Amino acid sequence: MKRLLLPASAFAAALVLVPGAQAGPIIDRAVAALHSGPVYVDPTAELAPSAADQGRLRQKIDSAGAGPVYIAILPNAAELEAGGSPDGVLQAIHDGLGLKGTYAAVIGTHFRAGSDGVLPQGVAGRLASEALAAHRGAGVTATLLDFVERVAAERSGAGGGGGGGTSGAGGVLVAVLIAVIVAFLLFMAVRRRRRSQAELAEVKAAAHDDLVSLADDVQKLEQPVESNPQAKQEYTKALDSYDKASGSYDRATQPRQLEAVATALEEGRWHMSAAQAFLAGHAPPERRPPCFFDPRHGPSTRDVEWAPPGGTPRKVPACEADAVAVESGAQPASREVMTGGRTVPYWSAPSYFGPWAGGYFMPFGGTGFLSGLFVGELLGGAYGGWGYGSWGGGGTAGGFGNWSDGGGQSGSDFGGGMSFGGGDFGGGGGGDF
């Protein structure tokens, strides 16, 4: 069966970049408007400022010396166009606009900010949290005006003025320092690239094992389904999902792009289970999240309360065999991955495994589902590491960006752990809107 043969390019070192996904109409309108002006306010936004306040924001951006600043105020519905996350909305605006600058967005009652090429990594998130804390009861306009002022102050303070010229020995010293800095930056860039390549290789090895596993399992159905039209239809869909996963695998050049592989494999596993059910004379199984302990087991049958070694209990989806094992006091064998020369359960792997692991569960609630599921480094680095607070709460700032392969560059929040600084309007406590 030729469709199930793994492409030779799966083992190639040079891979092609996957094109980014298109956003929805709300985000698209914001991106289009920001191409012609620094402030866009959706008329349906819950916290839309007045026309006069919008003018104040534009004037502040023009006069403060904050560099390129892009502000979007959108309705909460925009989150549905970015995976249900305000972080994803800000990311989508940046990706759609494609310009260097500092980005701030109010999505419903959520405030997020990040910078690309203007401020050092993580600074925009800190400034957003500070502006939020300073104006809890003053409203969106006051918060955003203060944020722009803080960006401008940070830029001017980072410039460092000198006193007098340098010549002779002083000039030589400056030249030597510059050479040392350049050499250090080159060294760090090479080191980051090597680390990124090693991380990608580890995650691709796990994804490759999953591709082979699905191929082997679907292969076994090739002959039996010929006598059952319903099973044959599900079998064909499983093949299509495998093809989709294989293509995404070949194009992936960063760990974050392997999320699409896992999502397609989960879909293929379900269609395979449906085909098996039809062959056995049963109805297809309910479309549930895959087994938490090993997504290769296929769809779960029910949730069970399970605690990782030394951890707190939580509900996890499990296949019937693993559910019975948990309820009898046993610890089911979890899917293991190789990282740093050792094998670990995939749910405690380093954060760069997050997109691949999360791809299996994204169709069932996205990050809200995942944040209550994963543990260890995968939770802390990939799903639970977003730092932000709420009005009346103590938010912590973070960088902002895509799923990272560890290769984010200095001066940009893009390429971090997808953790945007800011907070939530009306998040509890004093000063709610």
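**The hairpin and its surroundings**

Guide: Strands β7 and β8 (residues 342-345) pair in the antiparallel sense over 4 bridges. Pairing here requires that DSSP finds at least two bridges between two strands. Helices (H or I, at least four residues) and strands (E, at least two) are DSSP runs, numbered from the N terminus.

This is a predicted model, in which local features need pLDDT of at least 70 and side-chain atom pairs count only at pLDDT 80 or more, while totals for chains, interfaces and linings use all residues. Residues are numbered from 1 along each chain as its sequence is written, and side-chain values use heavy atoms, with hydrogens and water left out.

Stay with the hairpin. It has 2 residues between the strands, and Gly340 takes a positive phi near 60 degrees. Thr339 stands opposite Arg342 in β8. Strand β7 (residues 336-339) has two faces: Val337 and Thr339 are on the covered one, Glu336 and Met338 on the uncovered one.

Buried means under 20% relative accessible area, exposed over 50%, and partly exposed in between (1.4 Å probe, protein chains only).

In soluble globular proteins, nonpolar side chains tend to be buried together.

Now the rings. The structure holds 12 aromatic pairs. Rings of Phe, Tyr and Trp (its six-membered ring) pair if their centres lie within 6.5 Å; planes under 30 degrees apart count as stacked, over 60 as edge-to-face and the rest as tilted. Phe292 and Trp306 form a tilted pair, 5.2 Å centre to centre, with 55 degrees between the planes. This pair links distant parts of the chain: Phe292 sits in the loop between α8 and β5, Trp306 in strand β5, 14 residues apart. Phe292 is buried at 0% relative accessible area. Trp306 is buried too, at 3%.

Phe293 and Trp306 form an edge-to-face pair: 5.4 Å centre to centre, 90 degrees between the planes. Phe293 also lies in the loop between α8 and β5, and 13 residues separate it from Trp306 in strand β5. Both Phe293 and Trp306 are buried. Ring pairs link Phe292, Phe293, Trp306, Tyr346, Trp347, Tyr352, Phe353, Trp356 and Tyr360 into a cluster.

Charged contacts come next. A salt bridge is a side-chain nitrogen of Lys or Arg within 4 Å of a carboxyl oxygen of Asp or Glu. By this rule there are 19. Glu266 and Arg287 meet in one, at 2.8 Å, N to O. Glu266 lies in helix α8 and Arg287 in the loop between α8 and β5, so the pair ties together parts that are 21 residues apart in sequence. Glu266 is buried, with a relative accessible area of 4%. Arg287 is partly exposed, at 37%.

Glu327 and Arg302 form another salt bridge, at 2.4 Å, N to O. Glu327 is in helix α9 and Arg302 in strand β5, and this pair links distant parts of the chain, 25 residues apart. Arg302 is partly exposed, with a relative accessible area of 25%. Shared partners also join Arg126, Glu130, Asp146, Arg150 and Glu154 into one salt-bridge network.

One more charged pair belongs to another stretch of the chain. Asp42 forms a salt bridge with Arg29, the closest N and O atoms being 3.5 Å apart. Asp42 lies in the loop between β1 (39-41) and α2 (51-64) and Arg29 in helix α1 (residues 25-34), so the pair ties together parts that are 13 residues apart in sequence. Asp42 is buried at 1% relative accessible area, whereas Arg29 is partly exposed at 42%.
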